[in-house]
Amino acid sequence: MASVHESLYFNPMISNGVVQANIFGIKDWVTPYKIALLALLHEMSTTKPMALLDRRRLNKLILPLQQGPDLTFEQLLSTVEECCAPMVNAVKLRYVCTLHCSCPLELFTESYRTWSLYMRQMLLAYNKLSFSQVYKLYKTLQQYCRQGQRPPRDFSTLELDAGSLHQSDLGCDEARGPLSQKQAEYFLARQAYLLKNDENKAMRPATLQEELNNILKFNPDFAEAHYLSYLNSVRVQDLYISTHSLLHYFDRLILCGGEGKSNGDEGYGRSLRYAVLNLATLHCRFGHYQQADLALQEAIRIAQEANDHVCLQHCLSWLYTLEQMKGSDSVTLTEDSVKMAAHFCLPYLASLGVQSLVQQGATQGIPANRLLDALRGTDVVHWKQSLSELVEISLAQTASIWRLYGKSTMAQQQVQLLLGMASLESVNYGVQQNNTEPFAIALCHLAELHADQGLYGAVGDIIKHLKQQFPSHTQHSKLWMLCDLKIQFEKAMNSGKFHLAEPHVTAIGALDSMEGLYRKAQLLRALNQMSEASKILQQVQQLGVKKRNTEMIIRVMLATAELHWDSSGFSASLPLLLQALTLTHTHNLQSLESETILHLAFTQLMLGVPEQALALVQAVLESVLAHGALLKKGRALLLMARCQAVLATSTMQYVTVEMAVQTLAEAAVFFTQLGCKPRLRDVYYLQARLYHTLGNVQERNKCALLFRLLNQELPPGSSIAATPL
C-alpha cells in the first residue's frame, strides 16, 4: 500500500539570495562559454537554409544552455551536434575568428537585432573590463578553444594548435572549478527538482556529493548546498552526513539572516521551528522513534509559542505518522489532524490525513465501499487543486485495497489507470513523472499479478523496467527488490526446487524481517523440519500481533494448521482455522477467507466428512476462479476432485468418477501453466487411480508414466502428504 508519510517530507529548498553576487570571484557574462554560445546564436540567425526540425531543436536547446552552468567547448559542440550536425563547423569557425579580432563582440553585430537583450548584456559587461582583464579573456578564449579540439577526421578543414586540457582561469569546468552564483543556484535547483520528481535522472549520490563539496569549499555558508547534501545523504541512508548537513543548513540560514531581513525575529523563529521539524522527520525515516518524538514535541512547543498554525499542522501530521510507525493506534490523532487542516484551509495535509485513515481502515476491516467513497471525495479536491502527487497515492492505495480484499481484476484496473495517467504538473529538465513511490508500488502489484498467472516472461520485463526506473541506489528500490525476491521464492517452491529458494529467504529477511521469517518457516516445512518451522511461526505470530498485521496473523494460522496436518492432527487444526475464518470475515479479507474455507474443507475431508467438504469447495469456487492465482485455482479443483473421488468410491457412481477425472484435467492445466510439478505429479497419480477404477487401461498407463517421470525428476519427500492442499 502506498506509504503516506513519505509525502509529508518538508522541503524548504529556497533561493533567497543568501549568496552575494560574484561571491565565487567569477564574472557571469564575459566567459569563453558565453562567447561560444553567442557564436551559436549568430549562426542560427544568419544561416538561412536550415531544416525546420533542426531549427526547432536548436531553439529548444538555447534556454537550457543560457541558464545552465558553463560547458567545455567539446561539450557544447557535442550538444549542438546532437541537434544539428552541420552547425558544428560553422560555430567553431566563428569562434576561431574571435581570437583574431580586437573586439570579439563586433563579429556578432549582424545578429544584434535578433538577440538584442543578450547582446546588450554581453557588451555592457565587456566594456567594463580593464585592459588586463581583456588580455586574460583572450588567453582563456585560446585555452577554451584548445579544449574543444576534435580528431582531424571530424574537422579536416581546421588547423588548430593542440594544447593540454586544463582548467580555465574563469572556472568553466563545473566539476573542478568554482561556480558563479547563477551557475550554483541553477545546479542546486536542478538537482533538487530531479531528486523529488525523477531521482533516476539526478546525479549518483557519490558524484553529487563531490560536486556539493566542491561548491562548499569556495563558499561554506551556502545554505542551499547544505540542504541538498542532506537530501542526497538521505538517499543512501547515511545518518551522520544527513544530520550534519541538515544542522548546517539551518545554522547558515539563521546566521545569514536570509529570512530575518524581511521578517525580523519571526524569520529566525520560523527557521528554528522547521529545523526541529526536519530533524524529527529525519529520525522517523531512520526508525529512531524516541528521538523523533522528542524533536516533535520541541517543534510543537515552539510553534505554539509563535502561534504558527501551519507548522503545528505539519507537526500533527508527523505525530500521527510516528504513532503508526510505532504500531500504535493513531486514528484519533489522524481525525483531529484532518479537521484542523480543513479548518485552516490546508487541502494537501487534509487529504494526506484522509488517505492515512483509509490505510488504517483497510487493516481494521472497514468495508471497501466506505474506504473508496472517502478516497473519491478527496480525489475531487486533488484534481481541482492539481495535486498530482496525491492523485498518484490515491490510485496506488485503491489498487492495494482491491488486492487486500482479493479482487485482482479491480486492482489491475487501478494499476493501469495510474500507469496511463498524464501528469498534472509541468515537466522540466526532461524528467519522467513515473519515478515516484506510487508508480513503483503499482508496477510491483502488476508484477505480482502476472506472477500469479504464471506469466514469468512478463514479470521479467516489468522487473527489468523497475530496475531501470529505480536503480539500486534510489530510495524506492527496496520495493521492487522485495517483490522480485518473493516472486522468485514462490517460483522455486512451486517447482519443487527448494535449494534455489533457500538463498531468497535470507535476502527477503534483509529487506523485511517478518516476511523473511514466514518464508523460512515455509521452506523448513517443505524440507520436513516441522519443529523448527513451528518455532519460527510462533515468532512471526508475535511480530504480527505487535505490528497489528492481521493479514500475517491469518497466514501464520493457516501455516500452523498445515503443520498439524503433517502430524495427522486434523482435529487440532480446526480451532485455528475457525479463528482465522472469523478474522478474515471481520476484516473483509475475501481472498484469505476463501483460502481458509479451502483449508477447512480439506480438514473435513480428512475427518471423513466428504459431503460437507465438497459443499465448502463449491461455495468458494466461483470467487477463486474469478480472482484467484493459478496455484489457488488448481488447488481448489484438486481438492474438489478428491472430494468427488471419495464420494464416488463410497457410492460406486461412475458418473461422479468421470467428473473427478475431468476436474483433475482442469487442475492439471493450471499447474502446467504455473510450472508446479509436485502438485502436477499428484494430479497424475489420482488420475491413474481413477482411470483404473473406470477400467480405462490406456489412459491409466499414460498417467502412470507421467507420474513416474515427474517422480524421478523431483526430490524425494515431496509426496502427496507433503502437499495435501
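This is a predicted model: local features need pLDDT of at least 70, side-chain atom pairs count only at pLDDT 80 or more; totals for chains, interfaces and linings use all residues.
A disulfide is a covalent bond between the sulfur atoms of two cysteines.

Are C483 and C643 buried or exposed? C483 counts as buried because its relative accessibility is 2%. C643 is also buried, with a relative accessible area of 0%.

## The chain as a whole

The secondary structure of the chain consists of 33 helices and zero strands. The chain has 725 residues, and buried residues make up 52% of them.

Contacts between residues at least 6 apart in sequence can be sorted by their separation along the chain. Of these contacts, 67% join residues at least 24 apart.

Helix α16 spans residues 347-363, and its axis comes within 10 Å of the axis of α17, with a crossing angle of roughly 165°. An angle over 145 degrees counts as roughly antiparallel, and α16 and α17 are therefore roughly antiparallel to each other. The crossing of α16 past α17 is left-handed. On the α16 side, the contact is made by P347, S351, V354, Q355, V358, G361 and A362, and on the α17 side by L371, A374, L375, T378, V381 and H382. Sorted by class, the residues of this contact of α16 with α17 are eight nonpolar, five polar and no charged.

Helix α17 (residues 368-385) also packs against helix α18 (residues 388-404), where the axes come within 10 Å and cross at roughly 165°. The helices α17 and α18 are therefore roughly antiparallel to each other, and α17 passes α18 in a left-handed crossing. Which residues of α17 meet α18? They are L371, L372, L375, D379, H382 and W383, and they meet L390, V391, S394, Q397, T398, I401 and W402 in α18. The contact of α17 with α18 divides into eight nonpolar residues, four polar residues and one charged residue.

## Helices α30 and α32

Helix α30 (residues 630-651) packs with helix α32 (residues 677-694) at an angle of about 25°, and their axes are 11 Å apart. Because angles under 35 degrees count as roughly parallel, α30 is roughly parallel to α32. The crossing of α30 past α32 is left-handed.

In this contact, L631, R635, L638, R642 and A645 of α30 meet R679, V683, L686 and L690 of α32. Six of the residues in the contact of α30 with α32 are nonpolar, none is polar and three are charged.

## Individual residues within helices

K486 has its place in helix α22, which covers residues 477-494. Which residues does K486 touch, apart from those up to four places away in sequence? They are E448, I508, E515 and R519. K486 and I508 are 22 residues apart in sequence, while their C-alpha atoms are 7.3 Å apart in space.

S408 belongs to helix α19 (residues 408-419). This residue counts as buried because its relative accessibility is 18%, and the cut-off for buried is under 20%. Leaving aside residues up to four places away in sequence, S408 touches L449 and H627.

## Positive phi angles in two loops

Two residues illustrate a feature of the backbone. N528 is not a glycine, yet it has a positive phi of about 65°. N528 is placed in the loop between α24 (513-526) and α25 (530-547). With 45% relative accessibility, N528 counts as partly exposed.

R548 is not a glycine either, and has a positive phi of about 55°. R548 lies in the loop between α25 and α26 (550-566). The relative accessible area of R548 is 48%, so R548 is partly exposed.

Terms used. Residues are numbered from 1 along each chain as its sequence is written. Side-chain values use heavy atoms; hydrogens and water are left out. Axes are lines fitted to C-alpha atoms, for helices over the stretch in contact, and angles run from 0 to 180 degrees between N-to-C directions. Helices (H or I, at least four residues) and strands (E, at least two) are DSSP runs, numbered from the N terminus. Angles under 35 degrees count as roughly parallel, over 145 as roughly antiparallel, 65 to 115 as roughly perpendicular and the rest as oblique. A crossing is left-handed if the near helix is turned anticlockwise from the far one by less than a right angle, and right-handed if clockwise. Contact means heavy atoms within 4.5 Å. Ala, Val, Leu, Ile, Met, Phe, Trp, Tyr, Cys and Pro count as nonpolar, Asp, Glu, Lys and Arg as charged, and the others, Gly among them, as polar. Buried means under 20% relative accessible area, exposed over 50%, partly exposed in between (1.4 Å probe, protein chains only).
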